[in-house]
Amino acid sequence: MTSMKKTVILQSKTNFLFTLSINYKMKKSLFAFAVVLLSLGSCNAPNGENQGSSAGNADNQAAIENIMTRSSIRHFKEQPVEQEKIDIMLKAAMAAPTAVNLQPWHFIVITDKAIMKALSGPSPANAPLLIAVCGNTDKNVLPDGKTKVPDFWVEDASAATENLLLAAHALGLGAVWTAAYPAMDRVEVIAKVLGCPKNIVPLAVVRIGYPDEEPKIKNKFKEENISYNRYGGKKKQ
Ligand SMILES: Cc1cc2nc3c(=O)[nH]c(=O)nc-3n(C[C@H](O)[C@H](O)[C@H](O)COP(=O)(O)O)c2cc1C
């Protein structure tokens, strides 16, 4: 059973069909993957028709579990990442919130080994897939065509990067965020290798692939990092 593969068809709420080869070793990932499909499908639901379910339902629990069990992965199998999964990760990335909905980003999908090598630097080098998440600094003008917004592209591209990491995890992949902006020495190298114009600024290079390690999940929850109502305020018992 462990190495058995089967083709399954998953149908999202928008009647979008996905056909995938599923390895039975990836039971948990499949469940979380279904959650991603359902949540992508529910993006188009008007008037919040998919809202209102309790925090305890299975979809919500799986979504929270996906967040809580994500961990950086730095060792990858050689197995390439399927295009269907790349497409889903990019859709998840672009579902992130952005200031004034400007969506000031650009994603560069890298599978070319020579380009990967040029980007490897001090970071994990053996991932079969890299996605450079870049900010587009030209997309900083409100719809009036005049008013400029501050550099929110950094937050916007960061939100997209986190969505990408979570989608990768839900799809049974592993990923790690490797830094670019604001480390300008890295930004310059990455931008040069990728041929980015001046307005396209690499924020992160996400390294993605099938995990070749089982990381211990870190518990980072600390009460001391929370206040209620004012700094230092305690939770009502
Ligand atoms: C802005 C940012 C930059 C990071 N840069 C790197 C990096 O260059 N190389 C690397 O191996 N990990 C990098 N990481 C991953 C962190 O080391 C990792 O998220 C952290 O140790 C917590 O571990 P976890 O992701 O498993 O929860 C980066 C993470 C963030 C958010």
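**View 1. Residues around the ligand in the predicted model**.

**View 2. Helix H5, residues 153-170**. The helix is made of 18 residues. From the first C-alpha to the last, H5 reaches 25 Å, close to the 26 Å expected at 1.5 Å a residue. H5 is mostly covered, with 13 of its 18 residues buried. Just after the helix comes Gly 172, where phi is positive, at about 80 degrees.

**View 3. The crossing of helices H3 and H5**. H3 spans residues 83-93. The axes of H3 and H5 cross at roughly 145 degrees and come within 7 Å. This crossing is right-handed. On the H3 side, the contact is made by Ile 88, Met 89, Ala 92 and Ala 93. H5 contributes Ala 160, Asn 163, Leu 164, Ala 167 and Ala 168. Eight residues in the contact are nonpolar and one is polar, while none is charged. An α-helix has 3.6 residues a turn, so residues three or four places apart point the same way.

**View 4. Leu 194 in helix H6**. The helix covers residues 184-194. Leu 194 counts as partly exposed because it has 19 C-beta neighbours inside 10 Å, and a residue needs 20 or more to be buried. Leaving aside neighbours within four places in sequence, Leu 194 is in contact with Ile 108 and Ala 132. Ala 132 and Leu 194 are 62 residues apart along the chain, yet their C-alpha atoms are separated by 9.0 Å.

Methods. Residues numbered from 1 in each chain as written. Predicted model: local features only at pLDDT ≥ 70, side-chain atom pairs only at ≥ 80, totals over all residues. Helix = DSSP H or I, 4+ residues; strand = E, 2+ residues; numbered from the N terminus. Expected span 1.5 Å × (residues − 1). Buried ≥ 20, exposed ≤ 12 C-beta atoms within 10 Å, placed from the backbone. Near = placed C-beta within 6 Å. Contact = placed C-beta atoms within 7 Å. Axes fitted to C-alpha atoms, helices over the stretch in contact; angles between N-to-C directions. Left-handed = near helix turned anticlockwise from the far one by under 90°. Nonpolar A, V, L, I, M, F, W, Y, C, P; charged D, E, K, R; others polar.
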